[in-house]
Amino acid sequence: MQALTLSAELILVLLVGLFAQKLRVIGPEFNKQVSAFVLKIALPCMIIDSMNVPDAMNKLIQNAWILVISVAVLVIGFLVGLLMGKLLKKHIAERIIRFGATFTNFNFFGVVVVEKLGGEELLFYYLIFIIPVRLTIYLLAKIILMPKENREAKMNFKAKLKMVISAPLVAVFIGLALSFFKVRVPVVIQYGLDQLGMLASPLGILLCGSTLGCHAVKKMVTKSSLIMSGIRNFLMPLIVWLLCRGLRLPEMYTSLAVIYSALPVASLTSTYVLQYDPDPKAHLDGAGFVFVSTLLSAASLSIFTLLL
């Protein structure tokens with residue numbers, strides 16, 4: 001019930017953003033400006049605050065398997081997306097299914113859901129869990145989503161490094177360093193971290209909704225978006241849950257893997273499709289995937305958190 005209530009609250013914020021865009025309450029520069037603020041300021045503040053916990057480095061060393069499990073979940077998602085893409089390629093672009101099956105909304109939805117359901121302890125481990133996710137989504141988004149015929153020459157090392165080393169990723173290591181060296185953050189700075197960090201999730205969800213508001217709702221809810229969302233929201237977490245149970249993984253590791261897999265598709269999907277794929281149908285498919293998957297997340301999160 002808690003997961004259902006939480007999902008409904010997040011979806012409500014998303015719908016506010018969507019209709020604010022429809023009613024032109026939000027200006028054309030809103031998405032760009034808020035995206036920069038969230039990713040470069042609010043989200044890093046939240047991460048630093050969450051990572052700065054007692055014995056953080058020891059906890060990380062003792063639970064290094066979390067990183068291995070994270071990579072395994074990404075590989076499973078990509079392979080399922082690869083198979084489904086082949087089976088459904090007549091209806092949906094393969095690259096969109098591959099991307100959506102691999103990456104979830106780990107930032108804005110994930111952080112709130114994990115914190116509410118598991119508290120600060122589980123949130124700390126979740127932020128470790130998504131380190132490989134951050135690295136791969138920034139590095140592979142263009143490779144996965146751009147049609148082969150439109151791909152440019154390979155990026156040089158400097159360009160790849162700039163893409164991977166993002167503010168949220170740097171914030172993880174700053175938080176760990178503060179904890180390792182037992183740095184006491186001044187009260188004023190701590191207050192700023194708390195207050196700015198609290199803005200990350202609501203603004204991020206609002207941003208997701210306003211981005212989707214650029215498309216007609218009726219056009220986003222299609223057979224293709226329903227099929228893709230079914231794969232992302234129900235098939236993926238089911239596979240991950242069965243594998244975790246079969247391997248008898250510790251409860252915490254299972255919770256992290258299953259909650260990540262039951263989250264809606266990454267909100268960046270529609271953004272990246274717009275950026276890398278010139279096909280208008282792909283733009284609509286990407287937006288529809290995000291919209292329907294987010295709505296279905298209320299059911300998927302409720303179902304799979306009950307199984308944990």
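This is a predicted model: local features need pLDDT of at least 70, side-chain atom pairs count only at pLDDT 80 or more; totals for chains, interfaces and linings use all residues.
How many of the nine residues of helix α5 (residues 94–102) are buried?

**View A. Helix α5 is mostly covered.** Eight of the nine residues of α5 (residues 94–102) are buried. They are Arg95, Ile96, Ile97, Arg98, Phe99, Gly100, Ala101 and Thr102.

**View B. Lysine 59 and glutamate 121 form a salt bridge.** One salt bridge is found in a search of the whole structure. Its partners are the side chains of lysine 59 and glutamate 121, with an N to O distance of 3.4 Å. Lysine 59 belongs to helix α3 (residues 56–62) and glutamate 121 to helix α6, so the bridge ties together parts that are 62 residues apart in sequence. Glutamate 121 is partly exposed, its relative accessible area being 42%.

**View C. Phenylalanine 124 and tyrosine 125 form an edge-to-face aromatic pair.** The structure holds four aromatic pairs. In the pair of phenylalanine 124 and tyrosine 125, the rings lie 5.2 Å apart centre to centre, with 75° between the planes. Phenylalanine 124 and tyrosine 125 are both buried.

**View D. Phenylalanine 180 and phenylalanine 181 also make an aromatic pair.** Their arrangement is edge-to-face, at 5.0 Å centre to centre and 85° between the planes. Phenylalanine 180 has a relative accessible area of 47% and is therefore partly exposed. Phenylalanine 181 counts as exposed, because its relative accessibility is 59% and the class begins over 50%.

**View E. Five residues make a nonpolar surface patch.** The patch covers about 380 Å² and consists of Val71, Val75, Phe78, Leu79 and Leu82. Leucine 82 is located in helix α4, which spans residues 65–87. With a relative accessible area of 32%, leucine 82 is partly exposed.

View F. Four helices each supply at least two residues of the lining: α1 (2–22), α2 (30–51), α6 (108–129) and α10 (187–212).

Terms used. Residues are numbered from 1 along each chain as its sequence is written. Side-chain values use heavy atoms; hydrogens and water are left out. Patches are made of residues with over 30% relative accessible area and no salt bridge: like charges are joined within 9 Å, nonpolar side chains (Val, Leu, Ile, Met, Phe, Trp, Tyr) within 5 Å. Accessible areas come from the Shrake-Rupley method with a 1.4 Å probe; for residues, only the protein chains shown count as cover. A salt bridge is a side-chain nitrogen of Lys or Arg within 4 Å of a carboxyl oxygen of Asp or Glu. Buried means under 20% relative accessible area, exposed over 50%, partly exposed in between (1.4 Å probe, protein chains only). Rings of Phe, Tyr and Trp (its six-membered ring) pair if their centres lie within 6.5 Å; planes under 30 degrees apart count as stacked, over 60 as edge-to-face and the rest as tilted.
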